[in-house]
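I open this notebook to record what I looked up about charged side-chain contacts. The entries follow in the order in which I made them.

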Amino acid sequence: MKTFTRLVLLALIGVAAAKSRSPRIAGGMDANDGQFPFQVALINGGLVYCGGSIVNRRWVLTAAACIFGKAPADVDLFVGSADRLTGGQNVTAERFVLHPDFDEQTYANDIGLVRMAESLSFTSEQLQPVTLATDFFETATDATVSGWGRFSIANNQLPTRLQFIRTDVIGTGECADQFEEPYRGRISDRTICTDNQPEQGVCLGDAGGPLVLDDVLVGVQSWSIPCGTGLPDVYERVSHHRPWILALTLL
């Protein structure tokens, strides 16, 4: 199941509540120039449908579901600007690599890599790679998630300015307790959950985007029940997948 379809199905659970909420992406704020220089927009048919993070000059990290079932020719990448209408550059995708244990039904190991057709030049403060997390942690405060996803379920408008929110990381047990099956079974030490403020959270188009703590990439946005419905957002844990990421991207 492709990412958009997956999120739409999940969204139906919370759509009634979402329609009564603010039409902003979980209280999202406009990002400053250079605040998230590693942020990538994945574009299909001229629209942003997922996010990603720059690992190095040739590789972008995203969710496996964002590239599952797609060919590199279907996807462009926008990098180097917090504004989709000003600055930045479009880069062609050359190759996709899905995690070998990705499960499109349960979204286990929902992580993937995109090799760009050309090397990036890190000469601008608005275009830089991200640092990958090395340590496991259970909880944290003042993390940040960013993306160009929708403002709400009811409004299919996409922002032209990169949006972000500040959020807290909660433990796996606390996170699992807030879901019923089959979603509860998807929470493990391999995942990270964030507990957002009211009316905050990721939305359609934010999958694959970065969860950052102290300028370090700790999570890749995997799935949620959007948008800002009060349930945790769930990410793949970067430290868990770091050896796999480095084995491929250092080639």
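**Entries on salt bridges**

I began with Arg-161 and Asp-33, whose side chains form a salt bridge with an N to O distance of 2.6 Å. I noted that this pair links distant parts of the chain, 128 residues apart. Arg-161 sits in the loop between strand E9 (140–147) and strand E10 (163–170), and Asp-33 in the loop between strand E1 (29–30) and strand E2 (39–44). The model I am reading is a predicted one.

I next looked up Asp-83 and found its side chain in a salt bridge with that of Arg-161, at 3.6 Å from N to O. This pair also links distant parts of the chain, 78 residues apart. Asp-83 belongs to the loop between strand E5 (76–79) and strand E6 (89–98). I checked burial and recorded both Asp-83 and Arg-161 as buried.

I turned to Glu-94 and Arg-115, whose side chains meet in a salt bridge of 2.9 Å, N to O.

For the total, I noted that the structure holds 5 salt bridges.

Technical notes: Residues are numbered from 1 along each chain as its sequence is written. This is a predicted model: local features need pLDDT of at least 70, side-chain atom pairs count only at pLDDT 80 or more; totals for chains, interfaces and linings use all residues. Side-chain values use heavy atoms; hydrogens and water are left out. A salt bridge is a side-chain nitrogen of Lys or Arg within 4 Å of a carboxyl oxygen of Asp or Glu. Helices (H or I, at least four residues) and strands (E, at least two) are DSSP runs, numbered from the N terminus. Buried means under 20% relative accessible area, exposed over 50%, partly exposed in between (1.4 Å probe, protein chains only).
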